[in-house]
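Here are my notes on the model you asked about. Please read them with the viewer open.

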Amino acid sequence: ISTMRTQKIGRILFTSSITGPNVAQARLSAYSASKGGVNAFIKAASLELAKDGITVNAVSPGNVVTESMMSLYGEDGAKEIAKVIPTGELGDTNDIGYAMVYLASDQAKFVTGQALVVYGGQILPEDPDSFLRN
């Protein structure tokens, strides 16, 4: 951080999640609390570092295809999860990477204290099945 302060520019990025700050899931209370903590930290840190030209942000992924996800849910489980996402598909790691690249870029110089949610609209429907009926 000292180098960023000296140069009066910097980007600090975190990975958060929709689980915790946006939705809850049984048996994930510690995980949820940690991601809520990340989001609170970026807000406070962004206030502390803004005067030094440093932005602090996070990306909050929804369901993204990873080895870990596939080992937990398998192909059939992943297909079921994709059904409740309005875009009809799971994210991939590139989706998260592109969001990180944006937040690290000069185009995001006025974005700070934010958690950019990248989730295919997963938590938008009040009734998760409503978009399937249309």
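1. Basis. This is a predicted model, in which local features need pLDDT of at least 70 and side-chain atom pairs count only at pLDDT 80 or more, while totals for chains, interfaces and linings use all residues. Residues are numbered from 1 along each chain as its sequence is written, and side-chain values use heavy atoms, with hydrogens and water left out.

2. Elements. The chain has five helices and three strands; helices (H or I, at least four residues) and strands (E, at least two) are DSSP runs, numbered from the N terminus. Starting at the N terminus, their order is α-β-α-β-α-α-β-α.

3. Overall form. Along the principal axes, the C-alpha atoms fill a box of roughly 55 × 30 × 30 Å. Of the 134 residues in the chain, 33% are buried (under 20% relative accessible area; exposed is over 50% and partly exposed in between, with a 1.4 Å probe and protein chains only). Contact means heavy atoms within 4.5 Å. Among contacts between residues at least 6 apart in sequence, 72% join residues at least 24 apart.

4. Strand pairing. Strand 1 (residues 10-15) and strand 2 (residues 54-61) run parallel and are joined by six bridges; two strands pair if DSSP finds at least two bridges between them. Ile12 has Val56 in strand 2 as its bridge partner. Between the two strands the chain passes through helix 2 (residues 29-49), and this β-α-β crossover is right-handed: with the strands pointing away from the viewer, the path from the first strand over the helix to the second runs clockwise.

5. Largest pocket. Its volume is about 630 Å³. A pocket is an open set of points on a 1 Å grid over the protein atoms alone, where a 1.4 Å probe fits, with protein on both sides within 12 Å along at least five of seven lines; lining residues have an atom within 4 Å of a point. The volume is the space filled by probe spheres set on the points, which are joined across faces, edges and corners.

6. Pocket lining. Which residues lie nearest the centre of the largest pocket? They are Ser17, Thr19, Tyr31, Gly62 and Asn63, out of 23 lining residues. Helix 3 (67-83) and helix 4 (93-104) are the elements that give two or more residues to this lining, and the largest share, five residues, comes from helix 3.

7. One residue. Ser2 lies in helix 1 (residues 2-7). Ser2 counts as exposed because its relative accessibility is 56%.
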